[in-house]
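Q: Please walk me through this structure, and start with a word that I will need for the side chains.

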Amino acid sequence: MARNKLPGLYWDKKTGKGSVDKRIDGIGRVRHRFTASSQIEAEAEYHRAIAAAKTEAAAPKLRTFREAATKFLNEEVKPSLSRDAKCLENLDPWIGHLRIDQVHQGTLQPYIEHRQKLGIKSGTVNRELSVVRRILSLASRVWRDMDNNPWLPTAPLLRSPNWGDTAHPYPLNIEEQRRFFKELPSHLAEMAMFALNTGARDKVVGELRWEWEIKIPEIGTSVFLVPGDFTKNGTPCLLVLNSTARNIIESRRGKIATHVFGYRGKPVVRMYNSAWKKAWVRAELPVGKEVLSGPHNLRHTFARRLRLAGVPLETRKALMHHIDGDITVHYSPAEVGELITAVEMLTKVEGVTMLRLAS
């Protein structure tokens, strides 16, 4: 193959085969093979290969997903960051070494199928993929290099897997509540009753502290303002107390210096333990992959009973602490009084029949 006039261009007129082999300062060695039917086509291939190498050299260097994940964990501030770190630990062997522009549905699919074979619920995999989505979104919309280039040109769309294994909540009717609470140890029954009357999540009940109590003398009561560090959404939430919840609070005063709830002088930071699971079974409540059996059912029971009691949607959203642009934790005493009136209606639902509809 003869060398041509352009340095680094080789093209054989007889066979049409050619190649580019040229070293360029600041770029390195450019190598490219091609076929051409004329000298003009060969030179065009040469210039195309050189231009492509220069374009690639000038383009921003994309980081690996592992680098992006590390930046995310170092900079993000959220209550669930430890859970995100665990998700990324699971994902790292599969996509950590890839450039972030190589992370998309196709490269994630083997991981998704692997998790499904292990029997991991699709909801868990969705939570893991949500962390990937967040990192890719930050890389394309927020993070910049020194030349103001984004870490990632465009974040890809990722589909949420669903292999029909979602567990459904199981709100309790009055009779089921009585059976279940009877089987619970007294300290857990007390916590469960409080959750049932406030809509508080398991973690909030376990972490509830006396320092969060706020007296409201205008209406002769108190509320608890839970800091965002202890809530799912990272925003403060207001717990208002009906008469049942208030009686529980008063019965707990002076038992533990820091936390409201506990056992043998020590805080109980979570309700969902072996004692809870055994009580659920003894109460002959449904078990299986298709139904939830944990404390979150109390929150669903709270929401359903509010609706059955005729509490308006906006009030229910405020009591459930759902994020909404019109809802804040800055309530006036009158507004707190309205919320207390709403939750007080839960103390009068014993006569309400709760029908279970077949799904």
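A: Let us begin with contact, or touching, which means heavy atoms within 4.5 Å. This is a predicted model, in which local features need pLDDT of at least 70 and side-chain atom pairs count only at pLDDT 80 or more, whereas totals for chains, interfaces and linings use all residues. Residues are numbered from 1 along each chain as its sequence is written, and side-chain values use heavy atoms, with hydrogens and water left out.

Q: OK, so which residues does R144 touch?
A: Not counting residues up to four places away in sequence, R144 touches N149, P150 and W151. R144 sits in the loop between α5 (122-141) and α6, where the helices (H or I, at least four residues) and strands (E, at least two) are DSSP runs numbered from the N terminus.

Q: And is R144 buried, exposed or partly exposed?
A: R144 counts as partly exposed, because its relative accessibility is 36%. The scale calls a residue buried under 20% relative accessible area, exposed over 50% and partly exposed in between, with a 1.4 Å probe and protein chains only.

Q: Where does N162 lie, and how far is its C-alpha atom from that of G123?
A: N162 lies in the loop between α5 and α6, and it is exposed, with a relative accessible area of 59%. Its C-alpha atom is 7.5 Å from that of G123, although N162 and G123 are 39 residues apart along the chain.

Q: Switching to helices, how do α2 and α3 pack?
A: Two packed helices are described by the angle between their axes and the distance between the axes. Helix α2 (residues 65-75) and helix α3 (residues 81-95) pack at an angle of about 175°, with their axes 11 Å apart, and α2 is therefore roughly antiparallel to α3. The axes are lines fitted to C-alpha atoms, for helices over the stretch in contact, and the angles run from 0 to 180 degrees between N-to-C directions. Angles under 35 degrees count as roughly parallel, over 145 as roughly antiparallel, 65 to 115 as roughly perpendicular and the rest as oblique.

Q: Which residues make that contact?
A: From α2 the contact uses F65, R66, A69, F72 and L73, and from α3 it uses L81, D84, A85, L88, D92 and I95. By class these residues are 8 nonpolar, no polar and 3 charged, where Ala, Val, Leu, Ile, Met, Phe, Trp, Tyr, Cys and Pro count as nonpolar, Asp, Glu, Lys and Arg as charged, and the others, Gly among them, as polar.

Q: What about F72, is it buried or exposed?
A: F72, which lies in helix α2, is buried, with a relative accessible area of 1%. Leaving out residues up to four places away in sequence, F72 touches L81, D84, L88, V131, R134, I135, L138 and W143.

Q: How do α7 and α9 pack?
A: Helix α7 (residues 186-198) packs with helix α9 (residues 243-252) at an angle of about 145°, and their axes are 9 Å apart. The contact comes from E190, M193, F194, N197 and T198 of α7 and from T244, A245, I248, I249, S251 and R252 of α9, and by class it has 5 nonpolar, 4 polar and 2 charged residues.

Q: How many residues are in the largest nonpolar core?
A: The largest nonpolar core has 38 residues, and those with the most contacts inside it are F180, L184, F194, L208 and F224. A nonpolar core is a set of buried Ala, Val, Leu, Ile, Met, Phe, Trp, Tyr and Cys residues joined through side-chain atoms within 4.5 Å.

Q: Which element gives the most to this core?
A: That is α7, with 7 residues. Its residue F194 is in contact with V205, L208, L239, L241, A245, I248, I249 and F261, leaving aside neighbours within four places in sequence. There is also a second, separate core of 27 residues, which includes C87, L88, L91 and V132.

Q: Last topic, what is the phi of R264?
A: Most residues other than glycine have a negative phi. R264 has a positive phi of about 55° although it is not a glycine, and it is placed in the loop between β7 (262-263) and β8 (266-267), where it counts as exposed at 73% relative accessibility. E284 also has a positive phi, of about 60°, without being a glycine, and its place is in the loop between α10 and α11.
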